[in-house]
Amino acid sequence: MEKRKLLLLILLTILVATIPLTGASAAVEWNKHTLTKVYDPAGDRYAYAPSIIREGDVEHMWTCHNDADGVIKDHIYYTRTENGVVTESKSVLQAGPTGSWDSNHVCDPSVVAGKFNYNGAEYDYALFYLGNDVNGSAHNQIGVAFSDDLAGEWVKYPNPLVEYPNDGFWGVGQPSATSVDGQGRVLLFFTKGDPTATEAYRIDMNLIQMASPSIGPPIRLTNDGLRNASDQPDFLNNFDIAYDPTRDRFYAIRELHPYPSGNPNYITDGQQIVSIDGGSVWGGGGQWKIEGTISPSTTGFPRNHNGGLLRTVHGTLPDPNSIGAYFTDSEAAPNLTGRAEFTYDIWRIVGKLTDGDAVLEKALDGFKGKHFSVAKLTENLNTNEFLLYGAVNSKAMKKWKDQTIWIGYRIYKANGDLFEAGTAYLDRIAQNGSFSIPLIKPEGMNGQMMKLEVFLLSGKGKLIESAEKIVAFNLS
């Protein structure tokens, strides 16, 4: 090989090239010791889509929940937990009578505090929910109910706040509300599924006087910055929002696409934490920042879906330094028997929230050459940068101690054709021997087998060590 072509290579047997990246660090650093089961309904019952408010040692949670064993019919349940022990769980909102807009299902609760005057009474809390009048996932609309007590009783407003025609499509739902003024003004976030797309919206509304509510126009939220599990552009739906006033950012837990192909294939296996600046929510546009993920490798569960964020009564983060994520787990094939819904229950995990980027990493244990060792490969979810970390063995490198060392890589297709020329780096090895190499992920070749070549050269162009490995780049 010619020196100028820098084709000398180190063997890097990179398992992460065939295994999706797992652990998370940086923006949200999950503490796996906090992974806790919050609520497991008895019998053939399910609970999902939690809305959670904590007051001291008391946690208030509302979920989409069936009320009779083995029957798929959604109620909204209230579950009270004190010091981690469930002390109460009951149905607090049911489907309306025959002929009403919410006569079949009520689901996807979101509770926020304020001052809401309805029928001559002032209420302290509003519960936004999805309702429909068909036995299926269609003609969803968004309504509201009011109460003076977080545990209920809830008084329904008779008409949907956000309407959708009965055209056979999904409609509007999955509401999440935050208070704007501590009174009756709220930002209502929701999903809309119609013939054109599934997208997320927000509406600025003032419900202080329900005799004449002020409901603004729906404003679509951007999808820019969202990436799916295959590292492709994604869309926003089925999400819960909390506002952080210290950063002027809205944080969301959202479902990650695409759905798995195995049974059940209608729910996601991952949740993603994302955030966006307040100005973009109010004015439109902007770009989401990926903060972290909850995946099967995080929890040990094959499905992690329908999440909610721990919030204050006004829809803000209780602590700007941490984030509490609540999500629904589910069994999946081959261990699933019966309906997946009857395996749903609610779990919680807490993470440290920082202002860095979300970075996935995979340890590369046992990958060593005579002159080097490899520690890990990382992927920055916001910049899409891949970095390979390792160290040069200083004792083995004594022969070249007075020379600058070059390190670089190339990628070839399985048939030997050059796919990515890569580069060689002069200044990537620190005085203590550690190094990091930026790698360009092969675009359009996700999951396909390719040959990775990495080389180590002396400053005079002399080969120190070289090797190659066939790998599959599947690093989402």
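## A first tour

Strand β6 is the main contributor to the lining of the largest pocket, giving 3 residues. Please keep in mind that this is a predicted model. The largest pocket has a volume of about 800 Å³. Its lining is made up of 30 residues, and those closest to the centre are Tyr48, Ser137, Trp170, Gln174 and Tyr266. At least two lining residues come from each of β6, β7 (121-132), β11 (185-193) and β19 (303-311).

Next, look at the sheet. An open sheet is formed by 4 strands, in the order β15-β16-β17-β18, with antiparallel pairing. β15 and β18 are the edge strands, and each pairs on one side only. On average, neighbouring strands of this sheet are turned by 20° against each other, direction ignored. Inside this order, β16 and β17 pair in the antiparallel sense over 7 bridges, and Ala252 stands opposite Val274 in β17.

| β15 | residues 239-244 |

Finally, where does Asp102 sit? Asp102 lies in the loop between β5 (85-93) and β6 (105-118). Asp102 counts as buried because its relative accessible area is 3%, where buried means under 20%. The side chains of Asp102 and Tyr129 are joined by a polar contact of 2.9 Å. Leaving aside residues up to four places away in sequence, Asp102 touches Ala95, Gly96, Tyr129, Gly131, Asn132 and Lys156.

Conventions: Residues numbered from 1 in each chain as written. Predicted model: local features only at pLDDT ≥ 70, side-chain atom pairs only at ≥ 80, totals over all residues. Heavy atoms only, no water. Pairing = 2+ DSSP bridges. Axes fitted to C-alpha atoms, helices over the stretch in contact; angles between N-to-C directions. Buried < 20%, exposed > 50% of the residue type's maximum accessible area, 1.4 Å probe, protein only. Polar contact = N/O pair within 3.5 Å; in protein donor to acceptor, adjacent residues only side chain to side chain. Contact = heavy atoms within 4.5 Å. 1 Å grid on protein atoms, 1.4 Å probe; cavity = no way out; pocket = protein on both sides within 12 Å on 5 of 7 lines; lining within 4 Å. Points joined across faces, edges and corners; volume = space filled by probe spheres on them.
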